[in-house]
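This briefing goes through one protein chain by topic. Please keep the sequence and the 3D view open while reading.

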Amino acid sequence: MSRETFDLLDEVQRSARRAAMATLVRARGTTPRKDGTKMFVADDGGVFGSVTIGGCVDARVMEAASDVLAGSPPRLLSLQLGDEEAWEIGLTCGGAVDVFVEPVGPELLDVYHRAQSVSEAGRLAAIETTIAGDRVGAHSLLDGDLPVLSNAIRERDGSTTYIELLRPPQSLMLFGAGAIAIPLAKFAKTLGFQITVIDGRPRFANRERFPNADVLRIGIVSEIVAQLEIGVSTAVVLTAHDYKIDAPVLERVLKTQTPYIGLLGSRKRGAAILHLLRERGVPESDLARVRVPAGLDIGGETAAEIALSIAAEIVAVLHGRPGLPLNAKG
């Protein structure tokens, strides 16, 4: 479940209009939209979001949403696609998509808001929605030990349910408030990350340079890093370009479960820092987690281009992707 879902729900609530929510729960084939993608259709015809990329499928979903808003029960649409329709929404050949359409009511809003609270508390949550069988449209909040590790359809007790995961908010910790950190913080904020900037220099780490940072920490960086909560939803980038900062920060973050550790600088500089840590007894398997130089190879030269390459690499890593061109995928 993306943060966009809550933005759309908030937009529907602010508009004070009745609306139906459509969720793409399954697509057979390759499509630009992933399961969990949502579209909201208001009673005045307003549309927020899209479950495909427009065209025939969205038109059918909008028709079903109008029926639901008129009083029909929630329904699961299983849309068989011909080749022409498949091309229209991004599938390479005929296939099918399953979309669940339901009204946005108090019970739905309550379970989504509770899931959001669990996520913002740093825990993994999920919403299980009955999409076929008994009690279609019923929701339950799953918190703690979850039965799945990703969005999934599950058959249970004669009913079909869709489990939609909501992970804790992703965060980015920037150690160093230099030139590249500024556009990197902007890009990451746009991507929905919570931004923390840490530096020992108040003339660098300030609101004028980082207006969108959620947290600014100024002080002895090696002491601050020991106080921070760094987990599986936290990406770390070291942009200080100062071994007195880089070495102790790396030594600390390598003991955490952060999925991304990027170090700004050349391979030669990175090798020297890693050698220093190796002499301090840091295991080779831990050192291999450090990405240096940080970023994807896009030929970046300016601060913004380098920041873009790092942001792209972070997204690729968090999604378990290699960062290859889409046209190189088999």
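**The antiparallel sheet**

Four strands form an open sheet in the order β7-β6-β9-β8, with antiparallel pairing. Strands β7 (139–143) and β8 (152–156) stand at its edges with a single partner strand each, so one side of each has no neighbour in the sheet. Direction ignored, neighbouring strands of this sheet are turned by 30 degrees against each other on average. The model is predicted: local features need pLDDT of at least 70, side-chain atom pairs count only at pLDDT 80 or more, and totals for chains, interfaces and linings use all residues. Residues are numbered from 1 along each chain as its sequence is written, and side-chain values use heavy atoms, with hydrogens and water left out.

Terms for this part:

- Helices (H or I, at least four residues) and strands (E, at least two) are DSSP runs, numbered from the N terminus.
- Two strands pair if DSSP finds at least two bridges between them.
- Axes are lines fitted to C-alpha atoms, for helices over the stretch in contact, and angles run from 0 to 180 degrees between N-to-C directions.

**More on this sheet**

- Strand β6 (residues 125–132) pairs with strand β9 (residues 159–166) in the antiparallel sense, over seven bridges.
- Ala125 has Leu166 in β9 as its bridge partner.
- Helix α4 (residues 106–120) lies across β6, β7 and β9 and runs at about 10 degrees to β7.
- Arg135 is found in the loop between β6 and β7, and its phi is near 55 degrees, a positive value in a residue other than glycine.
- Arg135 is exposed, with a relative accessible area of 64%; exposed means over 50%, buried under 20% and partly exposed in between (1.4 Å probe, protein chains only).

**Parallel strands around β11**

- Strand β10 (residues 171–175) pairs with β11 in the parallel sense over five bridges, and Phe175 stands opposite Ile198 in β11.
- On β11 there is also parallel pairing with strand β12 (residues 215–218), over four bridges; here Val197 has Leu216 in β12 as its bridge partner.
- Strand β11 (residues 194–199) is mostly covered, with five of its six residues buried.
- A right-handed β-α-β unit is made by β10, helix α5 (residues 181–190) and β11; right-handed means that, with the strands pointing away from the viewer, the path from the first strand over the helix to the second runs clockwise.

**Nonpolar cores**

- The largest nonpolar core has 26 residues, and those with the most contacts inside it are Leu172, Leu174, Ile195 and Ile310; such a core is a set of buried Ala, Val, Leu, Ile, Met, Phe, Trp, Tyr and Cys residues joined through side-chain atoms within 4.5 Å.
- Elements giving two or more residues to this core are β10, α5, β11, β13 (234–238) and α10 (303–318).
- Another core lies apart from it and has 23 residues, among them Phe175, Ile230, Leu238 and Leu250.
- Leaving aside neighbours within four places in sequence, Leu174 is in contact (heavy atoms within 4.5 Å) with Ala181, Leu184, Ala185, Ile195, Thr196, Val197, Ile198 and Val237.
- In soluble globular proteins, nonpolar side chains tend to be buried together.

**Phe40**

- Phe40 is found in strand β2 (residues 38–42) and counts as buried at 0% relative accessibility.
- Beyond four places in sequence, the residues in contact with Phe40 include Leu8, Leu9, Val12, Met21, Val47, Phe48 and Val104.
- Phe40 and Val101 are 61 residues apart along the chain, and their C-alpha atoms are separated by 9.3 Å.

**Backbone details elsewhere**

- A cis peptide bond joins Val292 and Pro293, with omega about 0 degrees; Pro293 is in the loop between β15 (290–291) and α10.
- His241 is found in the loop between β13 and α7 (243–253), with phi near 60 degrees, a positive value in a residue other than glycine.
- At 47% relative accessibility, His241 counts as partly exposed.

**Whole chain and confidence**

- The chain has 10 helices and 15 strands, and buried residues make up 46% of its 330 residues.
- The C-alpha atoms fill a box of roughly 65 × 40 × 40 Å, taken along the principal axes.
- The mean pLDDT is 88, and 91% of the residues reach 70 or more; pLDDT is the predictor's confidence in each residue, from 0 to 100.
- Over residues 89–93 pLDDT stays under 50.
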